[in-house]
Structure formats: C-alpha cells, structure tokens
Amino acid sequence: SVQEQRNLLQVGRKNLLINGGMQVSQRGDFTNAATLTHDTYYLDRWKNWTSTVAATFKQESINQPVTYDSRSQKITATSTVALGDMRAIQVVDKPNVLKGRTVTASAWVKTNSSNCRMYFYIDGYSTTTETPAITGDGTWQYVTLTVNVTTAPFGSFALIIGIDGSASSKVAITSGDYFEFTNVQLELGSVATDFEHRSYGEELALCQRYYEIVKNAAAWSWTAGNGVHIHGTFKTEKRASPSVSGSPISVTNGNAGYTQSSFSGPTTYTNAYSFSGFCYNFTSIAATRSYTVTSAIYFDAEL
C-alpha cells in the first residue's frame, strides 16, 4: 500500500525499485546466455523488451563496479537491424505517492553502443528528462537522472535503461551491441546516494509480492475421477490476484502418483492472499485421499 511505502522510507528503506542489484532470479538460471523473448521477465521485477532485433539475456557475476554479492543483467544483440531497440524496464507500484516530489535514479551501466541511455516513462509517455547517451567504450559508468513529478502518474511510472534513440525512438543496432547494468536505485530527492544493499531474503520477499513459485502444496481428491482440490497460502501477499501457470501438475500420497495430461491450475478461489481451486485432467484418482503437489506452480501478479 501507499502507507507501507511511506513507512519503508521512514525507517530507511530508500530504494523504491526492487531487485536493483539483480540478485533474484525465480524464473530460472540465466547465468548462461538465453535467447531473449520480447516483453518477458527474466530477473525478478525487470521486464525485457526488444523491437525487431534478436538478442540474448544473461545474468552476470561481476566484481566491478561493486563487490557486494554483485550481479548484473546483460542484453546483447544477435542480429543487425536498421531500426530497433533493446530495453530493460521496471514499473513502480503505487506511483501516485510520488506526486509533487523530486526523485532521482542512479545506476552503473556498461555498453559498447553510443545509443544507450536511462530515462523515465510516465503515464505512457517518455519524459524529456533522460541521461545523455552513455559513452559506449565498454567501461562501467555511473549515471544519474532526476525528475520532478509534477502530476500524479495515474497510468504508470517506470524506469528504463536500454539502447534506443532520444525519447525512446528506434535506432540502428548491430549484432554484438550490448548494454549491461546493476545497482539501480530510485529514491526521493535530487541527489543520488549510495546503493542500498538489502539481504537476499528481504529482496526475495519483496519480489514475491509480484511473482511466487509454489512447491509442495496440499491437495485433496474429493471424489474418484479426474481432479483434485489444491490449496495453500502465499508466502507474501500479492499485489493483486495472480494469474496461474505451470507444467502439468504432479501429485503423490507416497503410495501412488498422478500427473495431469495438461495443465489445470487452482484458480477458482485464488486471490492475493491464498490459492485454492479444483484442478482437473488427472486420470483415475481415488476418492477422499490427501496428496502433496510435487511440481511447481507459478503465480504472477506483475505490473
């Protein structure tokens, strides 16, 4: 809630972004380069975007520019296009708390492109406030950006880092062009301060408000047939009632195991606090038996 955000600021939690140190990767291991799919989350809270250009995504382990459990994300073009863009985006939750306030973003960025920059995206429009193109000499550079939020951003407020043109227009991109970044912070005020390091456990809990993988959920077969009832409580209250996805669910009671022919998740009574629902597409499950879910179920409440 807005009050929760204010409370965090009052006790010293200054970074309004989550996973700015690129530590949390619930969706998979990306320490090896993976083909990047347009408009997709890889590291938690960061949406990756490409337009016309093919690219790869990688979570790097680095010892510069910082040494505290340092991770970064790196996006590299694998095709050449006359007009394209590659971006990483984090949308701020409950942005109206920023109305009438000055905020400053900061980040460490490395790139070999002359068209890499950081900017804000407010209410569906790129602001005219953006960093100059970051020098594309392949060295780490510290960049900052300040904006006064004069009106309530009722639509959205996002920070974007990437290779594109001024005000987010497309540019020529050559295979091998890349940008890499870490220690991204958004804070109140007109001065960028040192990056706020949070423990992995705290960062994970913040990420789980938007995305959580549930394993070992409880299940119950209410009658003989093709379905079980799956239920449980989330570790962290979600931003909103999440969407549910996964591979075909497997359950076991120690004596017998069953797997769905196709995914059917617990959506019937799922909300921001808990998940519950009838899951079908099993075969010949015995009546009135308790089970444990042995596969993962993905709950997504991202912005």
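Start by selecting Phe30, Tyr42 and Phe57, which together form one aromatic cluster. You are looking at a predicted model, where local features need pLDDT of at least 70, side-chain atom pairs count only at pLDDT 80 or more, and totals for chains, interfaces and linings use all residues. Residues are numbered from 1 along each chain as its sequence is written, and side-chain values use heavy atoms, with hydrogens and water left out.

In the whole structure there are 13 aromatic pairs. Rings of Phe, Tyr and Trp (its six-membered ring) pair if their centres lie within 6.5 Å; planes under 30 degrees apart are called stacked, over 60 edge-to-face, and the rest tilted.

Next, select Phe234 and Phe275: their pair is tilted, with 5.4 Å from centre to centre and 45 degrees between the planes. Phe234 sits in the loop between β16 (228-233) and β17 (243-245), while Phe275 is in strand β20 (residues 274-279), so the pair ties together parts 41 residues apart in sequence. Strands here are DSSP runs (E, at least two residues), numbered from the N terminus. Both Phe234 and Phe275 are buried, meaning under 20% relative accessible area (1.4 Å probe, protein chains only).

Phe299 is buried, as is Phe234.

Finally, visit two charges over rings (NZ of Lys or CZ of Arg within 6 Å of the ring centre and within 35 degrees of the ring normal). Arg27 lies over the face of Tyr211, 3.7 Å from the ring centre. The charged end of Lys74 sits over the ring of Tyr178, at 4.5 Å from its centre.

Note on methods
Helix = DSSP H or I, 4+ residues; strand = E, 2+ residues; numbered from the N terminus. Buried < 20%, exposed > 50% of the residue type's maximum accessible area, 1.4 Å probe, protein only.
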